[in-house]
Amino acid sequence: MMGLALTLGLMAVTPAAPDRLGASACGDCHGTAFESWRSSAHAVSATNAIYRAGFRVEPRQFCVDCHTSTLARAEEGIGCASCHAAAREAGAPAAGHAVALRARADLRDPALCRDCHEFATPAFEEGAVRMTSLPMQRTYSEWLAYRAAGGAGTCQSCHMPGGDHGMRGAHDPDLLRRSLAVTVTDEASGARLTLASAGVGHGFPTGDLFRHLTVEVRAAGDAREDAWRVVDRMGRRFETRLDGATMRAYKVETADTALVPGVPRVVALGTGRGRLEWRVRYHYGSERDERRGVVTAEALFATLATGTIDGPSRARLGQGAPPRADYSASPRAAWPAFSRARSRRRRAELSLGSRATAALYSRSASR
Amino acid sequence: MRVKRAFVLAVVLCGMGGSAAAERAGAGGATGTEPVPAAGQESAQHRWRPLRSAEATATSYLQNDWNLYQENYHPSYVLDENPATAWVEGAKGFGENEAITLPLSALRSARALRLRIWNGYQKSMHLWTKNAMPRRVRVTVLDADEEEVTASETELTRTRGPQEVVVDLPRGRGLAAVRITILSVYPGLRFDDTCISDILVDVDSDVPYNPVAENAKHEALLKWVAGRKDQARYFASRPPEFPFAFSRFVSKKASGDRQAFKQRFAAREAIGKTLGPTRYKPVTKQSVKVLPDGLSEENNYAEDFAQLFKADRVALLETKDDVVSRSDDEDGNPRAWTSSARVARGPDQKAIQALAFEAKEVITERSTWSYDRNLLLVYDGDGRLQTLYRSVNNFSESEGEDDYDTVTDTDEIWSFVYDAAGKVREIDVDSLARHHRMYGKKAAREREDRRAKHVVYLGLPDKSS
């Protein structure tokens, strides 16, 4: 799900034939970028299994607006024009192009990503839609807080190193594995995992509100997949409440336990007898999505780390487990200064994509 | 001339057919069949994992006096691993071209699908021989877009216990459902109803298996089966508080006059003015546990007022609370609320003449959307619910690629017709809907239906009525 401000801008671009704005047309000259983009999550933003399953439940224009480029074919997802095309008022089409192009500095500005990765939750009620104060996605705010706490880097520098249009992110399990540090402590008092995000400039997970991490355990040797027991969940939780006086419902966030950069989370695995097998899983959807079974398990989960615990001081990390993180040299050591209040204040100071979205909806929803 | 009736009386002339549950657990095949490898076991070429379905759909299923309360014959009964229940097609004749569809977990790719089919009505040898069973069938595998992945025809045997059909899938294609279409049958000795007792589905795939989803679906199916049995018991007992003359109502649709409807609905305003300011929580001594089939559809929302058919069974407790009841969804998340009620009383200040309240249902996914109902219940001199005025606000499904988020406001008038015993025997529902879109150039344009809709719910007599 992405915000609408980008779309607002795109709606005003110079009209041009869709085929000339399609990514493949750009690929004729920009082959390397095109090939990288084709492997990106942006290229499948309108066709990936999780989006399609969500859209089947909530067929909202709100989703379509940002999961597809309004200028090219819908199935193309977020194509070249979504980011590179400039607003109509920017002037005449650039040489050799169908539309005016955004300036290079604008493309390097994280605010460009904010437009689609930070927006509010809509409520469809009483024949209209209103934007609530609850962020559905807030990756940009998380990054701002990270920067304010001394973190370095931008969206582009981490996700597009060297101009790579593959834009690796949460849908790259290898990147996820490299971004999570797991330390095992096994003492007489009990076994514990310490989890911390590594080299991440926002929450972990971030993005879609349903994403979460779980720490799961089962008795070693029990091969049953349903023997796994969740001992900790990291992510956002929500609840629907009602204002009885107005009979108006609203969704609230009751918890957010996603990993904050530089803030380790300790998970007790218990003191049970026998060998214990553990794993850390990244979930791309909600528990409800997992029960529905309409999205393949492959698309719903990524196992980030596994291991077994034999007894006190005999922990064994699973193959390929990430190295222990060392935060002492990290500029994000000051990250604990991050606070919700600061995040809220910063969000208020900034003109969020969600605000533009709200303005659009308040206009179009008037009856 | 064959009789269109599946003979339910359990005259067990022979041993039961092989239990599907036992097969799932890895037991050998039943009489006359070869043992079939259970799910999770290796066969010569495949490693099978069970795929579950919470419900099945079919082009038809049999509804008759032998199955008053749908304790059987529904397509979902092929999923319950119980050969004593069966899907029985409901078309005239043997049901050629009738089909049953099992939705499955979406898989990106798979090598093969295995169906284990308990062919015929395997509750007893008597029922198995008296009823028909499929002979030649077409097995169609569908993907998430309901596009055909592969289709093949196969001949089922006249075998008690399970028989196996393996469908090889084209490389690189996903799957999300399987459909079995009856092409020809083995006739029964007495009835022309074609039956399948059970269908178990296993898959051979490299896609990681999701036991949580599979178990959840099977639990939901078993819950539905148990609920259906409870409902059947309730309908059969017909307690005094059950306000309906029948356990099943069928709807007949027609159109009505728009202007006439508007004039009738305007009466709501006058009645609304007689409501007092005090708010109450309506409480009934013995609740109506189950609504009749046909009225219990989701978009009827009849549960909002099912407890309020008779004013003399309703106690009004004064309250200052705006909301007096709440129900939660399967995750324990609040989902539906009912407001306290305002009341209009008769000249003696005792008898309830009218009751008004609101009901709200909120679906929470990534966003939230609500279904709002505003109700005004009007009672006759005998304290029976005579008329219901209701305004329903819904968000419709998209009607096309570019037509998302259509809002529908519907005004309704429900009129209840009682029999001599004071039970509802007929319900007339008139309604008029308005639609508008929330987005785009047509966002503000409101469209009103050209005709009012008229639906009559007629009680369907059954043996016990």
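Student: What are the ground rules for the model and its numbering?
Tutor: It is predicted, so local features need pLDDT of at least 70 and side-chain atom pairs count only at pLDDT 80 or more, while totals for chains, interfaces and linings use all residues. Residues are numbered from 1 along each chain as its sequence is written, with chains lettered from A and ligands numbered from 1 in the order in which they are written.

Student: Which residues touch the most other members of the largest nonpolar core?
Tutor: Trp87(B), Leu113(B), Ile196(B) and Val201(B), in a core of 62 residues. A nonpolar core is a set of buried Ala, Val, Leu, Ile, Met, Phe, Trp, Tyr and Cys residues joined through C-beta atoms within 7 Å. A residue is buried if 20 or more other C-beta atoms lie within 10 Å of its own, exposed if 12 or fewer, and partly exposed in between, with C-beta atoms placed from the backbone.

Student: What does Val201(B) touch?
Tutor: Leaving out residues up to four places away in sequence, its contacts include Leu51(B), Leu113(B) and Val178(B). Contact is C-beta atoms, placed from the backbone, within 7 Å.

Student: Now the backbone. Which residue has a positive phi of about 75°?
Tutor: Asn97(B), although it is not a glycine. Asn97(B) counts as exposed because it has 12 C-beta neighbours inside 10 Å.

Student: And Tyr301(B), what is its phi?
Tutor: Positive, about 50°, and Tyr301(B) is not a glycine either. With 18 C-beta neighbours inside 10 Å, Tyr301(B) counts as partly exposed.

Student: Which peptide bond is cis?
Tutor: The one from Phe204(A) to Pro205(A), with omega near 5°.

Conventions: Two residues are in contact if their C-beta atoms, placed from the backbone, lie within 7 Å.
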